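Please keep the sequence and the model in view while reading.

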Amino acid sequence: MFNKNYLFLILLFAGFVSAQEVHKKENTSFQPTIQSSKTWVYWYWMKSAYSKLGITADLEAMKQAGIAGAYLMTIKGPSTPPLIDPPVLQLSPEFWDMVRWAFIEADRLGLKLAFHAADGFAVAGGPWITPEMSMQKVVWSTTEFVGGKKLTTKLAVPEHYKEYYKDIATFAIPIKENNLLANQS
């Protein structure tokens, strides 16, 4: 049989060991941030208004602020009048030269860049992308009927984008009678 005195001594020893802490001498209030948890930002290139000088200035400011990287995203074409003359049109040879410059400068500064193709503003879309080929959005309409009889009707077409609409499905969902009466009053 196990002696209670031995159990007491083992538990006492375990308590002493677990209560010990290793203290480090710290000169700062916080530990240094590891690279994988440093901040990244969205870096918008808007309205075709960017230059090598501006790219370098932006990246140097990011580095100075402690930012680790940026998601490069182009938004919209040139404004009227353009903010920079001549504007740098997305996907043009000048545009790709600016993108290369951004990656060269990011490497020089030790920053990371990712290229975000956006959702159709400037890079993933264009006039060659028709609405049926573009990103889709599921829309719906609601029509309530009193059941128990045969009904022939045309369902409302939901609000949609650029004259493009395609039916996916029609659902009939029973509604409790007291909910239907509350909605009618």
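How are H2 and H3 oriented relative to each other: roughly parallel or roughly antiparallel? The model under discussion is predicted. In it, the axes of helix H2 (residues 52-64) and helix H3 (residues 93-109) cross at roughly 30°. Angles under 35 degrees count as roughly parallel, and H2 and H3 are therefore roughly parallel to each other.

**Packing of H2 and H3**

- Two packed helices are described by the angle between their axes and by the distance between those axes.
- The axes of H2 and H3 come within 10 Å, and the crossing of these helices is right-handed.
- On the H2 side, the contact involves Lys-52, Ile-55, Thr-56, Leu-59, Glu-60 and Lys-63.
- On the H3 side, the residues met are Asp-97, Met-98, Trp-101, Ala-102, Glu-105, Ala-106, Arg-108 and Leu-109.
- Sorted by class, the contact of H2 with H3 comprises seven nonpolar, one polar and six charged residues.

**Backbone features in the loops**

- Most residues other than glycine have a negative phi, and most peptide bonds are trans.
- Thr-80 and Pro-81 are joined by a cis peptide bond, with omega about -5°.
- Pro-81 is placed in the loop between strand E2 (69-75) and H3.
- A cis peptide bond also joins Asp-85 and Pro-86, where omega is about 0°.
- Pro-86, too, lies in the loop between E2 and H3.
- Lys-47, a residue other than glycine, has a positive phi near 55°.
- The position of Lys-47 is in the loop between strand E1 (40-46) and H2.

**Surroundings of Lys-112**

- Lys-112 belongs to strand E3 (residues 112-115).
- Although Lys-112 and Gly-69 are 43 residues apart along the chain, their C-alpha atoms are separated by 4.3 Å.
- Leaving aside residues up to four places away in sequence, Lys-112 touches Trp-40, Ala-68, Gly-69 and Ala-70.

**The largest pocket**

- The largest pocket holds about 1500 Å³ of space.
- This pocket is lined by 40 residues, of which Val-139, Trp-140, Ser-141, Pro-158 and Ala-169 are the closest to its centre.
- The lining of the largest pocket consists of 24 nonpolar, nine polar and seven charged residues.

Notes:
Residues numbered from 1 in each chain as written. Predicted model: local features only at pLDDT ≥ 70, side-chain atom pairs only at ≥ 80, totals over all residues. Heavy atoms only, no water. Axes fitted to C-alpha atoms, helices over the stretch in contact; angles between N-to-C directions. Helix = DSSP H or I, 4+ residues; strand = E, 2+ residues; numbered from the N terminus. Parallel < 35°, antiparallel > 145°, perpendicular 65-115°, else oblique. Left-handed = near helix turned anticlockwise from the far one by under 90°. Contact = heavy atoms within 4.5 Å. Nonpolar A, V, L, I, M, F, W, Y, C, P; charged D, E, K, R; others polar. 1 Å grid on protein atoms, 1.4 Å probe; cavity = no way out; pocket = protein on both sides within 12 Å on 5 of 7 lines; lining within 4 Å. Points joined across faces, edges and corners; volume = space filled by probe spheres on them.
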